Amino acid sequence: MEILGIDIGGSGIKGAPVDVTTGQMLTERYRIPTPQPSKPNAVAEVVHEIAKHFNWNGPIGCTFPSIVKNGVMYSAANVDGDWVGTNGQKLFAKKTRCPVVVLNDADAAGIAEMEFGAGKGQMGVVFIITLGTGIGSAIFNKGVLLPNTELGHMEVRGKDAEHRASDRVRKDKGLDWEEWADRLNEYFQRLEALFSPDLFIVGGGVSAKSEKFLPLLNTRAEMIPAQLLNDAGIVGAALAAKSLVN
Ligand code: BGC
């Protein structure tokens, strides 16, 4: 079964058809920069462009970097504020004339990792934490997702954790790996004190360089890098849209 997966981020919108039985992308991803400002109509136009590029008229799964409940966005930390209260799912379906499922980007990455990546077969309490422009979180217990957890906005030292420890902060402040690891340790140890997960899976683009910072992190729970790297969002979005077909 093939589903078009689309991953909407603050800087790029990427898509590819995915074979949801194997988790493999069937072609190279197609990427278009995120319009600035990232207003709903402009972003929906890009989603439509991506569907057109693949001549798509089947189901589409789409990630979004915010709280998404029943297709409606309820936050907008790293996208235009007009998204709050918008039914993105309806908007994308109208533009593409395809059935669409929209879900949080970290939840999508988590679904992909649990099915085909680092979390395969893990039945305990698993936290997938994505380090990028923001910090995203997905929690699984016995393989079941608790959606929209938003742990990037947990307060650390009176600030949103993602304003202290995201990969963007590392780059913007020119932190070296040790300095960044200090901030990450504070964050992960706080998560551990509150939730006692069995496993942390660390995702986001920077997880490709996990050997630089994962060895510097200390948690009781095991900590491993994500495996699907940049494809996790696309694959997870497609997996989440399986419900449109079954
Ligand atoms: C958003 C989350 C998102 C994360 C990663 C945060 O700022 O609030 O919804 O999952 O960034 O993109």
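Tutor: In this predicted model, the protein chain is assigned two domains: domain 1 covers 2-107 + 232-244, and domain 2 covers 122-227. Their C-alpha centres lie 24 Å apart. The two domains also touch, with 10 residues of domain 1 in contact with 14 residues of domain 2.

Both domains take part in the ligand site, since the shell around the ligand draws at least three residues from each of domain 1 and domain 2. The space that the ligand takes is the largest pocket. Surrounding the ligand are Pro65, Ser66, Ala77, Asn78, Asn104, Asp105, Gly134, Ile135, Gly136, Glu150, His153 and Glu162. By residue class, this shell divides into three nonpolar, six polar and three charged residues.

Several members of the shell can be described through their distances to oxygen atoms of the ligand. For Ser66, a polar backbone atom is 3.2 Å from a ligand oxygen atom. For Asn104, the side chain is involved: one of its N or O atoms is 3.0 Å from an oxygen atom of the ligand. The side chain of Glu162 likewise has an N or O atom 2.8 Å from an oxygen atom of the ligand. As for the cover provided by the protein, the ligand taken alone exposes 310 Å², and the protein buries 94% of that area.

Key. Residues are numbered from 1 along each chain as its sequence is written. This is a predicted model: local features need pLDDT of at least 70, side-chain atom pairs count only at pLDDT 80 or more; totals for chains, interfaces and linings use all residues. Side-chain values use heavy atoms; hydrogens and water are left out. A residue is near a molecule or strand if one of its heavy atoms lies within 4 Å of it. A polar contact is a pair of N or O atoms within 3.5 Å; within protein, one must be able to donate a hydrogen and the other to accept it, and residues adjacent in sequence count only if both atoms are side-chain atoms. Accessible areas come from the Shrake-Rupley method with a 1.4 Å probe; for residues, only the protein chains shown count as cover. On a 1 Å grid over the protein atoms alone, a cavity is a set of points where a 1.4 Å probe fits but cannot get out, and a pocket is an open set with protein on both sides within 12 Å along at least five of seven lines; lining residues have an atom within 4 Å of a point. A molecule sits in a cavity or pocket if more than half of its atoms lie within 2 Å of its grid points. Ala, Val, Leu, Ile, Met, Phe, Trp, Tyr, Cys and Pro count as nonpolar, Asp, Glu, Lys and Arg as charged, and the others, Gly among them, as polar. Domain bounds come from an automatic or database domain assignment. Contact means heavy atoms within 4.5 Å.
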